[in-house]
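User: I would like to learn how to read a model of this kind, feature by feature, with the general idea before the particular case.

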Amino acid sequence: MKEKKKINKNIFNVLFLLALLLVTIWLIFKDQDIGQIFKLLTRVSPIFLLICFILVIFYVCSESVIIKYLMSTVNIKIPLLNCIKYSFVGFFYSCITPSASGGQPMQIFFMQRQNIDIPTATIILMVVTIEYKFVLVAIGLGLVAFGQGLLATLDGEVVFFLYVGIVLNVFCVAFMSILVFMPGTAKFGITKGYALLKKLRIMKEKNNRAERLERSMEKYKHASKYLKANKLAVFNTTLISFLQRFFLFFITYIVYLAMGNSEIDAITITLLQSVVSIAVDMLPLPGGMGISERLYLLIFAPIFGGSTAAVASMMVSRGFSYYVLLIVSAVITVYTHMTVRAPEDPKPRFPFRHPDRTRAGAREDKIRDGSKE
């Protein structure tokens with residue numbers, strides 16, 4: 001039943017993603033000269049497209065290096081190829097779920113299937129998330145503190161969403177840091193808050209919610225111990241996270257060069273692309289679809305010399321940083337689903353019972369296994 005619900009949820013996410021994609025395409029192209037856009041695209045050298053693709057792969061594989069590195073600190077030896085699979089699975093489910101909420105649960109699912117215990121996987125991926133968000137916070141606060149001249153050139157709508165993104169990411173990192181570094185205080189506050197919500201009848205006690213909350217708090221205690229014991233590893237992987245973000249943001253500068261431009265330096269273009277990512281990162285839309293495209297056009301239309309050229313550049317930049325990543329991740333996710341199985345289960349498991357299987361046959365299996373019906 002759970003497997004069927006998971007399948008239905010994934011189908012809903014994909015359908016919602018497709019609907020959002022169609023609306024986004026219509027909004028982008030409804031007032032554009034399609035012929036001129038494709039004429040500009042034909043001038044882009046395949047070499048630049050290859051560089052963009054390589055940057056996308058480096059972006060994903062950087063996370064794989066981080067996971068492998070952090071796993072080694074707890075004496076878990078795991079092939080880099082497995083970590084690459086986990087990363088692509090994570091990015092795929094993050095791309096199709098609101099606020100990128102579905103990536104880590106699926107990564108933990110496959111890690112558990114390859115004999116990595118759930119608490120360890122949870123702690124490692126929690127550290128990865130904190131580092132991932134911290135990089136956005138650091139860049140965003142850096143722009144606010146030292147990049148006011150650059151921000152002054154941006155549309156007011158862009159600046160508004162940038163500040164919203166910074167606030168949401170700061171809150172997220174601060175909340176996770178309190179959970180990790182002050183687990184006792186966090187546990188007290190959350191349990192008292194839950195008790196208050198129950199008293200006000202806003203939440204009800206069901207499915208052992210209080211017990212599950214208690215168990216989740218224990219995870220943060222272990223994460224706190226891990227971070228204190230592996231400070232150098234956390235510092236090193238945070239640096240890798242900065243490099244990882246750079247790979248993705250730098251795609252826009254490659255596109256800028258590919259379309260025959262050279263007036264603006266790489267740092268400025270890369271920072272402007274980071275503005276888009278910071279602004280949409282915490283919004284409840286799969287991949288920030290729709291708002292990402294709008295903010296991109298508002299920022300880069302003046303830089304590329306008009307909306308037509310900006311749309312053409314966005315088709316390449318956003319195409320690689322999101323849509324190509326989504327397609328490649330989908331293919332590897334399907335392959336991972338087919339090949340990564342629980343070690344005690346030599347045959348693939350299917351969510352539905354075989355049509356020839358009867359209740360009597362299932363009962364015989366239970367008797368043979370020594371279990372009671």
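This is a predicted model: local features need pLDDT of at least 70, side-chain atom pairs count only at pLDDT 80 or more; totals for chains, interfaces and linings use all residues.

User: How much of the protein chain is buried, and what does its accessible surface come to?

Analyst: A residue is called buried when its relative accessible area is under 20%. Buried residues account for 44% of the 373 residues in the protein chain, while the accessible surface amounts to about 20300 Å², with 67% of that belonging to carbon and sulfur atoms. As for contacts between residues at least 6 apart in sequence, 75% of them join residues at least 24 apart.

User: Which residues touch the most other members in the largest nonpolar core?

Analyst: The largest nonpolar core has 54 residues, and those that touch the most other members are Tyr59, Leu154, Ile251, Ile299 and Phe300. Helix H11 (residues 231-258) gives the most to this core, contributing 9 residues. Another core, of 36 residues, lies apart from it, and includes Ile66, Cys83, Phe92 and Val180. To return to phenylalanine 300, its contacts, leaving aside residues up to four places away in sequence, are with Thr252, Ile269, Leu272, Gln273 and Ala310.

User: How should I read the packing of helix H5 and helix H6, and at what angle do their axes cross?

Analyst: Two packed helices are described by the angle between their axes and by the distance between the axes. Here the axes of helix H5 (residues 103-113) and helix H6 (residues 118-146) come within 9 Å and cross at roughly 145°, and the crossing is right-handed. On the H5 side the contact involves Gln104, Gln107, Ile108, Met111 and Gln112, which meet Ile118, Ala121, Thr122, Leu125, Met126 and Thr129 in H6. By type, the residues of this contact divide into 6 nonpolar, 5 polar and no charged.

User: Which residues of H5 are buried, and what do they pack against?

Analyst: The buried residues of H5 are Gly103, Met106, Gln107, Ile108, Phe110, Met111 and Arg113. Besides H6, the buried residues of H5 pack against helix H3 (46-73), helix H4 (80-96) and helix H14 (307-339).

User: Where does a positive phi occur in a residue other than glycine?

Analyst: Most residues other than glycine have a negative phi. Asparagine 115, although not a glycine, has a positive phi of about 65°; it comes just after H5, in the loop between H5 and H6. With a relative accessible area of 63%, asparagine 115 is exposed. Asparagine 75 is a further case, with a positive phi near 60°; its place is the loop between H3 and H4, and it is exposed, its relative accessible area being 73%.

User: Why does tyrosine 163 count as partly exposed?

Analyst: The class of partly exposed lies between buried, under 20%, and exposed, over 50%. Tyrosine 163 counts as partly exposed because its relative accessibility is 33%. The residue sits in helix H8 (residues 156-181) and touches Val144, Gln148 and Leu151, if residues up to four places away in sequence are not counted. A separate comparison uses C-alpha atoms: those of tyrosine 163 and valine 275 are separated by 9.6 Å, although the two residues are 112 residues apart along the chain.

Conventions:
Residues are numbered from 1 along each chain as its sequence is written. Side-chain values use heavy atoms; hydrogens and water are left out. Axes are lines fitted to C-alpha atoms, for helices over the stretch in contact, and angles run from 0 to 180 degrees between N-to-C directions. Helices (H or I, at least four residues) and strands (E, at least two) are DSSP runs, numbered from the N terminus. A crossing is left-handed if the near helix is turned anticlockwise from the far one by less than a right angle, and right-handed if clockwise. Contact means heavy atoms within 4.5 Å. Ala, Val, Leu, Ile, Met, Phe, Trp, Tyr, Cys and Pro count as nonpolar, Asp, Glu, Lys and Arg as charged, and the others, Gly among them, as polar. Buried means under 20% relative accessible area, exposed over 50%, partly exposed in between (1.4 Å probe, protein chains only). A nonpolar core is a set of buried Ala, Val, Leu, Ile, Met, Phe, Trp, Tyr and Cys residues joined through side-chain atoms within 4.5 Å. Accessible areas come from the Shrake-Rupley method with a 1.4 Å probe; for residues, only the protein chains shown count as cover.
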